[in-house]
Amino acid sequence: MRALPHGARAYVLCAVLAGGLCAAPAVRPGAAVPWATAALLAVVHAVGSRVRARWPEWCSPVLLAGAFLLPPAAAALVAVPGALLARVERPPAGARRAWRAARLSLAVWAASCAFAALRGPRALGALWELGGGAQDPAAQVPAALAPAAEASGTPGFAYVLAAAVAAALVLGLTATALEGGVLVTAERHSPRAAWCGRLPGALAPYLVHGPAALAMAVLWRSPYGPAAALLVLLPMYVCACGFVLYRRESAAHQATIRALVQAVDIKDRYTRGHSERVGRASAMIARELGMSGDRLEAVRIAGILHDVGKLGVPTRLLRKNGPLTPDERRVIELHPEYGDEMVRGIGFLGEARAAILHHHERLDGSGYPYGLAGAQIPEFARVVAVADAFDAMTSTRTYRRARPVDTAVEELKRCAGSQFDPRMVRALSTALDRHGWHAAVTADAPEERGNVPPDPLSPPLELPPLVRAAAPGPADAPEPRPGHGGPGGAP
């Protein structure tokens, strides 16, 4: 705990105390708690927590099933053993385990209270009676969960399902809200980033967990017993495995892109950070054009990898300060074809490959490598061409100073129709008016926040940056050297 900021220590301590207060009624003398059910659910969740690194959240329905089957105080205890026994990869281990236990206990307690407030236990008890489970004393709804007022009729399965989903969303909302507090107090994140940006993605899985947990609860009190209820975890396990494979594949894709970009930036040190900025500008254009989802990500990757073919160009040419000879220029103009050959075997790139090959084509047909014109040039290539030229003009190079953003946009508009697609230029201009332009790459963010230390309680929210931006070139850099075409100054 000493490694945590004072605010984070106080926050974790308050969460632990609150979790203890919520669970306290379950251990008072005379409390009507089905301890056998609570213990078995706690054991199942503890086992799942031990393999959480491989199959994340596959056992979350166990906690929700506890919220449906147990009083709120007892449901809060189900999460404690698993949280305390879960693997901890980074210190402080004690604070991290205590925080997990408190966070999950409070979230499950809130979900159980929500389910009870919606009269879910009464409706669930009616389903058990219809299924023949009323003869089993364990099938009786606990008195602590009985509704305060009698309902005029018996709710059906649809109502129980809605109550279960609502309780699941309460669990997810509570857990995410509590985690946001740690991000604010321990990592100095802004409240907007800690809460607003995380809620939609964090709540989505619980739309599946709620019905799965309801199925577990119904089967638990059925004649088939807990063994049948635990079978519900099998499809959750399969889904979790698929999610893990997707995350691993995505991480491998990011690592591939990162390695290629870093190799280019190491070789051409004068344009370091250029690739990521072109990717960002390409994404801004794509959003204005209405692209989203996979296509938006593909055009961003296209912008990041557009210069990967420079790995095949002699370093002395990339770092040459003087003008290029015609022969040297022809060698550099081979880099789009080199890039296309390098990424040919990377299947996930899709349309991005066309941008790598054709981002130096011109609308009037005078570009390279194939002299395509107009609509013959792939859409992604036309997007990246504008983003590439814009960043080249607004970045300081060894052979000239950076131009102001407004000046660069005017130059793009001047060349629209001959070199650039006017639609792409308009999209970039609109995006810049709306969002502005920050020359620093994403990798600069930690320094801008004041070197905030790594998260003390929660896992990183983002993958590592693609590249580390270098300091801009000297302010007294010479003016553009002859032999470099286009408004960007570099081929």
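Student: How many contacts beyond four places in sequence does the model have for residues 441-485, where pLDDT stays under 50?

Tutor: This is a predicted model, in which local features need pLDDT of at least 70, side-chain atom pairs count only at pLDDT 80 or more, and totals for chains, interfaces and linings use all residues. Residues are numbered from 1 along each chain as its sequence is written, and side-chain values use heavy atoms, with hydrogens and water left out. The pLDDT is the predictor's confidence in each residue, from 0 to 100, and a contact means heavy atoms within 4.5 Å. Beyond four places in sequence, the number of contacts that the model has for residues 441-485 is 95.

Student: What is the average pLDDT of the protein, and over which other residues is the pLDDT below 50?

Tutor: The protein averages a pLDDT of 77, and 77% of the residues score at least 70. A stretch with 28 contacts beyond near neighbours in sequence has a pLDDT below 50, namely residues 132-152.

Student: How many helices and strands does the secondary structure contain?

Tutor: Both elements are DSSP runs numbered from the N terminus, helices being H or I of at least four residues and strands E of at least two. By this count the protein has zero strands, and its helices number 22.

Student: Is Ser112 buried or exposed, and what is its relative accessible area?

Tutor: Ser112 lies in helix H5, where, beyond its neighbours within four places in sequence, it is in contact with Ala67, Leu70, Pro71, Pro72 and Ala75. Buried means under 20% relative accessible area, exposed over 50% and partly exposed in between, with a 1.4 Å probe and protein chains only. Ser112 is therefore buried, its relative accessible area being 1%.

Student: Against which helices do the buried residues of H4 pack?

Tutor: Helix H4 spans residues 72-85, and its buried residues include Pro72, Ala75, Val78 and Ala83. The buried residues of H4 pack against helix H1 (6-27), helix H2 (35-50), helix H3 (60-69) and H5.

Student: Which residues line the second largest cavity?

Tutor: A cavity is a set of points on a 1 Å grid over the protein atoms alone where a 1.4 Å probe fits but cannot get out, and lining residues have an atom within 4 Å of a point. The second largest cavity has a volume of about 40 Å³, a volume being the space filled by probe spheres set on the points, which are joined across faces, edges and corners. It is lined by Glu361, Leu363, Ile377, Ala381, Arg382, Ala385, Gln419, Phe420 and Asp421.

Student: What phi does Arg119 have, although it is not a glycine?

Tutor: Arg119 is found in the loop between helix H5 (93-117) and helix H6 (120-130). This residue is partly exposed, with a relative accessible area of 31%. Its phi is positive, about 60°.

Student: Which peptide bond is cis, with omega near 15°?

Tutor: The proline concerned, Pro369, is placed in the loop between H18 and H19. The cis peptide bond runs from Tyr368 to Pro369.

Conventions:
On a 1 Å grid over the protein atoms alone, a cavity is a set of points where a 1.4 Å probe fits but cannot get out, and a pocket is an open set with protein on both sides within 12 Å along at least five of seven lines; lining residues have an atom within 4 Å of a point.
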